[in-house]
Amino acid sequence: MEHAYLGIDVGSISTKGAIIDENNQLLASQYIWTQGDPIGAVKELTGLLEKQFDKEHYKIVATGATGSARKLVGAIIGAMVKNEITAHAVGTTTFYPDVRTILEIGGQDSKIILVENGVAVDYAMNTLCAAGTGAFLSSQAKRLGIEVEDIGEYALRSTHPTQIAARCTVFAESDLVHKIQMGHPREDIIAGVCNAVVANYLNNVGKGKKIISPVVFQGGVSKNKGVVAAFEDTLG
C-alpha cells in the first residue's frame, strides 16, 4: 500500500479537495459550492473524492484542512489545520520555487503574500471590502444578465473598457448602473468591472507592498481571464 494525503479547503463560496501521493502527484480532486453548509459540503466532497480514489493501491495516512471553516472541519475529520497564508505559500513554492509574489482573490476576501527564498516573509489580507472579490464579480454578472463564468470572454472582447469607480462596492454598483443607462457596450462595462477589481485589490491589499516577479495569481477569481488580463496590463 502506498501512502496518500488528503487536503480540504473550505471557503465561504466553494469547497475544494485533493488527494496526492508522496511525489505530489494528484490522485483525485474535486471543486463544489459550499452553499452556507461547510459540514454538508465536506461530506459531499469526501464522497466524490472516494469515487475517484484507488483504495486498492493507496491508503490516506494524513489529512489537512485550510480555508475559512478550517477549524470546524479539522475538528470533525481529525485533520491538521493550517491557515490560508501557509497553505498558499507552501503550495505555490512547491510548484513554482522562484515565486516572489502571490496574489490571491477568493469569493469573500483577498490576500497578497510576499516570498523570499521560498519562505513567506510578509502578507496582507482584505476581509473588509467586497469590491475586490469574487462575490462582487458574481453580483455584477447577474446584474448584466450573464454567467459569472463568461465574464472573462466578454472582457477580452472590449476595446474601450469603461471607467468604473473602484473605491467600494456601493460606489462601483451605482457607477455601473449609471454607465449601463448611458449605453456603454456590455463588454466594455465588464472589462471595466475587471479593471475595478484589480484597482481595488492593489489599493487595498497591495498598498505599500512591492510586487516583484515572478508573480502567481491564485484563488477562484484567477480562473477569470478578464481579471488576469487586467492584472497583466496593470503590473506589466
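Biologist: What covers the buried residues of α8?

Modeller: The cover includes β6, α4, α5, α7 and β9 (215-218). Covering here goes by contact, meaning heavy atoms within 4.5 Å. The helix and strand names are DSSP runs (H or I of at least four residues for helices, E of at least two for strands), numbered from the N terminus. Before we go on: this is a predicted model, where local features need pLDDT of at least 70, side-chain atom pairs count only at pLDDT 80 or more, and totals for chains, interfaces and linings use all residues. Residues are numbered from 1 along each chain as its sequence is written, and side-chain values use heavy atoms, with hydrogens and water left out.

Biologist: Which residues of α8 are buried, and what puts them on the same side?

Modeller: Gly 226, Val 227, Ala 230 and Phe 231 are the buried ones. They share a side of α8 because they span an arc of only 135 degrees around the axis, taken from the directions from the helix axis to the C-beta atoms. On the other side, Glu 232 and Asp 233 are exposed. The cut-offs are under 20% relative accessible area for buried, over 50% for exposed and partly exposed in between, with a 1.4 Å probe and protein chains only.

Biologist: What makes the pairing of the Tyr 5 and Glu 22 side chains a polar contact?

Modeller: Their distance is 3.3 Å. The definition wants a pair of N or O atoms within 3.5 Å; within protein, one must be able to donate a hydrogen and the other to accept it, and residues adjacent in sequence count only if both atoms are side-chain atoms. So 3.3 Å passes the distance limit, and the pair is listed as a polar contact.

Biologist: And what is meant by a nonpolar core?

Modeller: A set of buried Ala, Val, Leu, Ile, Met, Phe, Trp, Tyr and Cys residues joined through side-chain atoms within 4.5 Å. The largest one here has 33 residues, with Tyr 201, Val 227 and Phe 231 making the most contacts inside it. Its largest share, ten residues, comes from α7. Apart from it lies another core of 17 residues, including Ala 4 and Leu 45.
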